[in-house]
Amino acid sequence: MSQTFTIDGRVIPFEVGQTVMQAASQAGIYIPHLCYHPAFKPNGSCKLCTVKVNGRQSASCTLRAQSGMVVESDTEEINAERRMLTQMLFVEGNHFCPSCEKSGNCQLQATAYHLGMMSPHFDHFFPDRAVDASHPDILLDFNRCILCSLCVQASREVDKKQVFALSGRGIGTHLIINARSGRLADTDFSLADKAAQVCPVGVILKKRTGFAVPIGQRTYDQQPISVPGKVAEEIRHD
Amino acid sequence: MIEPRKKIKVATTSLAGCFGCHMSLLDIDQRLFTLLEHIEFDRSPLTDIKTCSPDCDIGIVEGGLCNTENIHVLREFRRNCKILIALGACAINGGLPAQRNHLPLAVLLEEVYHTSPGLANGMIPNDPELPLPLDRVHPIHEVVHVDYAIPGCPPSGDAIWKVLTDLLAGREPELGHGLLHYD
Ligand code: SF4
Ligand code: SF4
Ligand code: FES
C-alpha cells in the first residue's frame with residue numbers, strides 16, 4: 001500500500017524511497033526546478049525547487065517523501081524566493097534572450113515566466129565569458145551557463161566520456177572542458193551524446209539549426225512550463 | 001457643468017534603444033484613441049517636446065544607458081514622473097547594446113573609426129557637444145528607481161496596452177502567459 005503526504009493541501013501518494021519532487025511530478029504537480037532531471041541523481045544545486053515542509057525549507061528534489069508530510073510549494077512566500085533565485089541567475093550570466101537560439105525553449109526563461117519575473121532587479125555582473133565554436137557540430141556559449149551540472153552528469157554517467165566539469169568555487173565556479181587546450185574540438189564529444197541534449201538553457205547548441213522554428217512558435221511560447229509534460233527535458237528541440 | 005476629468009500625463013523617451021518599443025506603442029493601433037481619452041503625451045518623440053513637465057504621471061523609458069546624455073535624460077524622467085516604467089529588454093538588462101560590455105571602449109572606437117574598411121585615418125569624434133560614451137551599457141534600474149518593467153524585444157502592443165490599462169484602472173499591472181516574454 002502506498003503512503004501519502006500533502007502538497008498545498010492535495011494528497012500525494014508515494015513509494016518509499018521517492019523524493020518529494022518525484023512523487024509530485026508523478027501526480028502531475030509542477031514544482032519549479034532547473035538542475036533536476038528525472039534521468040539523473042539529483043544534485044540539489046539550483047534550489048529553485050525549494051518547498052516548505054513542516055515549516056522548514058528544503059530542496060524537494062533531494063528530500064525523501066515521508067508519510068504525513070505537510071508540504072507548501074505554490075505559495076506567494078516561496079514563489080517570491082524562487083523568483084529572487086531566478087533573478088540572481090539572470091544577472092550572474094549574460095542572458096540576452098532576444099539573440100539566444102534557445103529562447104522559447106529555455107527552462108530558465110520559462111521558469112521565470114511562470115514566476116512572473118518582470119525584471120532581473122539586481123545589478124548585472126556582465127561577466128566576461130568566451131564562446132567556444134571550435135567543434136564542427138556544436139557551439140558552446142558559456143554566457144548562459146547556470147551551473148546545473150546536468151551536462152557533467154550526462155557525459156559521465158550516460159556517455160562515459162567526462163567531457164565537462166565544474167571548476168572553481170563560489171562566484172568563480174565555471175564550466176570547463178576536459179581537454180588540454182580547453183576546447184570542445186579537442187574532446188571526443190559528439191552530437192549523439194546525451195550531454196548534447198540536457199542543457200536547460202542555451203549553452204550547448206547544435207550548429208546550423210538555430211531559428212529553424214521561429215520565435216513565438218516554440219515550446220514555451222505555446223504552453224507554460226507548468227503544464228504537465230512541458231518541462232524541456234522530455235522534449236527534443238532538434 | 002461637469003468638469004472634464006484631468007488626463008494622465010505620459011512622457012516617453014528612447015535612450016540606447018532602437019525605437020522598436022515605441023513602434024510597439026503604435027501597435028496598440030485603434031485602441032490608441034481609447035487611450036487618448038485618458039492620457040495625454042508630454043515629452044515624447046511622438047510630440048517632439050524636449051523636456052518633461054514637472055507633473056508627469058507616467059514616464060516610459062525605452063533603451064539602456066550608453067552615454068552621459070542618457071543618464072541626464074533618465075534622471076530628468078525620474079524627477080518629473082510619479083511612475084517610471086522600463087519598456088523593453090534594453091531598458092531592463094541593457095539588451096543588444098550591452099553585448100559590447102566585455103569589449104574595452106577604446107577597442108570599439110578604434111574598430112568603428114580607424115580600422116573598419118574605408119575608414120582608415122578616420123578620426124574618433126571629439127566634439128565637446130557629443131555626449132561621452134560610458135565604458136559599459138547599463139540597464140536603467142542601476143541608476144534610478146524603476147517602478148514597473150515590461151519585458152520583450154520589443155514587448156507587444158498588447159503587453160503595453162495591458163500594463164497601461166491596468167495602471168489606469170488602479171490595478172497592479174500583470175502580464176500572463178503569452179504577454180510576458182523576454183524575446
Ligand atoms: S539561455 Fe534562456 S534565459 Fe538565457 S539568454 Fe537564452 S533564452 Fe534567455
Ligand atoms: S552547460 Fe548547460 S547543462 Fe551544462 S552546467 Fe551549464 S547550464 Fe547546465
Ligand atoms: S531542482 Fe532541486 S535544487 Fe535544483
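I took contact to mean heavy atoms within 4.5 Å. The model I looked at is a predicted one.

**Entry: A:Phe189**

I looked up what A:Phe189 touches, leaving aside its neighbours within four places in sequence. I found A:His135, A:Ile138, A:Lys161, A:Val163, A:Phe164, A:Leu184, A:Ala195, A:Ala196 and A:Ile204 in contact with A:Phe189.

**Entry: the largest nonpolar core**

I then turned to the largest nonpolar core, which has 58 residues. A:Phe164, A:Phe189 and A:Ile204 have the most contacts inside this core. Helix H6 of chain B, residues 157–168, gives the core its largest share, 5 residues. I noted the general rule beside this: in soluble globular proteins, nonpolar side chains tend to be buried together.

**Entry: ligand 2**

I listed the residues that surround ligand 2. They are A:Cys145, A:Ile146, A:Leu147, A:Cys148, A:Ser149, A:Cys151, A:Leu175, A:Cys199, A:Pro200, A:Val201 and A:Val203. I sorted this shell by class and got 10 nonpolar residues, 1 polar residue and no charged residues.

**Entry: A:Leu108**

I placed A:Leu108 in helix H3 of chain A. Is A:Leu108 buried or exposed? Its relative accessibility is 1%, and the cut-off for buried is under 20%, so A:Leu108 counts as buried. Beyond its neighbours within four places in sequence, A:Leu108 is in contact with A:Leu34, A:Thr86, A:Leu89, A:Phe90, A:His95, A:Ile146, A:Pro200 and A:Val201. Among these contacts of A:Leu108 are A:Ile146, A:Pro200 and A:Val201, which I had already listed around ligand 2. I also checked A:Glu81, which is 27 residues from A:Leu108 in sequence and 15 Å from A:Leu108 in space, C-alpha to C-alpha.

**Entry: A:Ser103**

I found A:Ser103 in the loop between H2 and H3 of chain A. A:Ser103 counts as buried because its relative accessibility is 2%. Leaving aside its neighbours within four places in sequence, I recorded A:Cys97, A:Gln109, A:Arg218 and B:Asp183 as contacts of A:Ser103.

**Entry: the largest pocket**

I looked up the space in the largest pocket, and it is about 850 Å³. The lining of this pocket has 33 residues. Nearest the pocket's centre lie A:Arg83, A:Gly116, A:Met117, A:Met118 and A:Ser119. Two or more lining residues come from each of these elements: helix H2 (76–92) and helix H3 (107–114) of chain A, and helix H4 (89–93) and strand E7 (148–150) of chain B. Which element gives the largest share of the lining? I found that H3(A) does, with 3 residues.

Terms used:
Residues are numbered from 1 along each chain as its sequence is written. Chains are lettered from A and ligands numbered from 1 in the order in which they are written. This is a predicted model: local features need pLDDT of at least 70, side-chain atom pairs count only at pLDDT 80 or more; totals for chains, interfaces and linings use all residues. Side-chain values use heavy atoms; hydrogens and water are left out. A nonpolar core is a set of buried Ala, Val, Leu, Ile, Met, Phe, Trp, Tyr and Cys residues joined through side-chain atoms within 4.5 Å. Buried means under 20% relative accessible area, exposed over 50%, partly exposed in between (1.4 Å probe, protein chains only). Helices (H or I, at least four residues) and strands (E, at least two) are DSSP runs, numbered from the N terminus. A residue is near a molecule or strand if one of its heavy atoms lies within 4 Å of it. Ala, Val, Leu, Ile, Met, Phe, Trp, Tyr, Cys and Pro count as nonpolar, Asp, Glu, Lys and Arg as charged, and the others, Gly among them, as polar. On a 1 Å grid over the protein atoms alone, a cavity is a set of points where a 1.4 Å probe fits but cannot get out, and a pocket is an open set with protein on both sides within 12 Å along at least five of seven lines; lining residues have an atom within 4 Å of a point. Grid points are joined across faces, edges and corners, and a volume is the space filled by probe spheres set on the points.
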